[in-house]
Amino acid sequence: MLILGCGNRDRGDDAAGVLVAERLRALGIPAQICSGSSALMDAWSEAPDVLVIDCVVTGSPAGTVHAWAARHLPPLARTSASTHGFGLREAIELSRALGCLPARLRIYGIEGINFAIGSSLSKEVQEAVERVAARIAIEGKEET
C-alpha cells in the first residue's frame with residue numbers, strides 16, 4: 001500500500017496530511033508527502049493500492065475524521081491557495097478519465113477550520129492527526 005500525506009505546512013490545518021505522514025515515518029511506516037495534485041497523480045500512477053490523507057472541508061466539526069473510497073467521495077470545498085482550483089477531487093476525476101486511477105484508492109479526510117497563511121494547527125486537527133496515524137498503523141499491522 002502506498003501512503004500519501006497531502007498538504008501545506010504553512011497554512012494551518014492544511015498541514016494535517018503532511019503531519020500524519022511524518023508520524024507514520026517516525027513509526028517506521030513508509031509514507032510520502034505530496035504538496036500538490038499533480039504530485040499526487042504522479043505518485044499513484046503506478047500503484048494498485050493507495051491511501052491518501054488530506055485536510056478537507058465538508059461542514060463537519062473541526063477534527064472530524066472521514067474515510068472514503070475514491071468512488072464515493074462527497075463534495076469537498078476547496079482549501080487550496082491555488083487560483084487554479086485543482087484539488088484532490090479533481091486529481092481523482094482526471095486520473096479516472098486518463099485511466100490511471102489506482103484500483104484501490106482510499107482517503108482519510110481530516111476536517112479543518114483554520115487555513116490562514118502562517119497559522120498554527122488547530123487543537124482539534126492536531127488530535128485528529130494522532131488518531132489517524134494510529135489507525136493507519138493498526139491497519140498496516142492487520143494487513144501483514
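Colleague: What makes β1 and β3 paired strands?

Modeller: The model is a predicted one. Two strands pair if there are at least two bridges between them. Strand β1 and strand β3 (residues 49-56) have four bridges, in the parallel sense, so they pair by that rule. One of the partners is Ile-53 in β3, which is bridged to Gly-5.

Colleague: How do you know that β1 also pairs with β2?

Modeller: The same rule asks for at least two bridges, and β1 and strand β2 (residues 32-34) have three, again parallel. Gly-5 stands opposite Ile-33 in β2. Between these two strands the chain passes through helix α1 (residues 16-26), and this β-α-β crossover is right-handed.

Colleague: Why is strand β1 called largely enclosed?

Modeller: A residue is buried when its relative accessible area is under 20%. Five of the five residues of β1 (residues 2-6) are buried, so the strand is largely enclosed by the rest of the structure. Both faces are covered, with Leu-2, Leu-4 and Cys-6 buried on one side and Ile-3 and Gly-5 buried on the other.

Colleague: What makes the span of helix α4 close to the expected one?

Modeller: Helix α4 (residues 123-143) has 21 residues, and at 1.5 Å a residue 30 Å is expected. The distance from its first C-alpha to its last is 31 Å, which is close to that value. Among the buried residues of α4 are Val-125, Val-129, Val-132 and Ile-136. The buried residues of this helix pack against β1, α1, β3, β4 (65-69) and β5 (104-111).

Colleague: Why is the contact between Arg-9 and Glu-22 called a salt bridge?

Modeller: The cut-off is 4 Å from a side-chain nitrogen of Lys or Arg to a carboxyl oxygen of Asp or Glu. Arg-9 and Glu-22 meet at 2.6 Å, N to O, so the pair qualifies under that cut-off. Arg-9 lies in the loop between β1 and α1 and Glu-22 in helix α1, so the pair ties together parts that are 13 residues apart in sequence. By this rule the count comes to seven salt bridges.

Colleague: Why does Arg-9 count as partly exposed?

Modeller: Partly exposed lies between the buried limit of 20% and the exposed limit of 50%. Arg-9 has 46% relative accessibility, so it counts as partly exposed. Glu-22, at 25%, is also partly exposed.

Colleague: Why is Arg-106 called buried?

Modeller: Its relative accessibility is 17%, and buried means under 20%. Arg-106 therefore counts as buried. Its place is in strand β5. Residues that Arg-106 touches include Met-1, Leu-51, Trp-68 and Glu-143.

Colleague: What makes Arg-106 and Asp-49 a salt bridge?

Modeller: Their side chains meet at 3.7 Å, N to O, and the limit is 4 Å. Arg-106 lies in strand β5 and Asp-49 in strand β3, so the pair ties together parts that are 57 residues apart in sequence. Both residues are buried.

Colleague: How do you know that Glu-127 and Lys-123 form a salt bridge?

Modeller: Their side chains meet at 3.7 Å, N to O, where the limit is 4 Å. Both lie in helix α4, four residues apart, about one turn of the helix. Lys-123 is exposed, with a relative accessible area of 63%, and Glu-127 is partly exposed, with 39%. Elsewhere, salt bridges that share partners join Asp-49, Arg-104, Arg-106 and Glu-139 into one network.

Conventions. Residues numbered from 1 in each chain as written. Predicted model: local features only at pLDDT ≥ 70, side-chain atom pairs only at ≥ 80, totals over all residues. Heavy atoms only, no water. Buried < 20%, exposed > 50% of the residue type's maximum accessible area, 1.4 Å probe, protein only. Right-handed = clockwise from strand over helix to strand, strands pointing away. Expected span 1.5 Å × (residues − 1). Contact = heavy atoms within 4.5 Å. Lists of a residue's contacts leave out its neighbours within four places in sequence.
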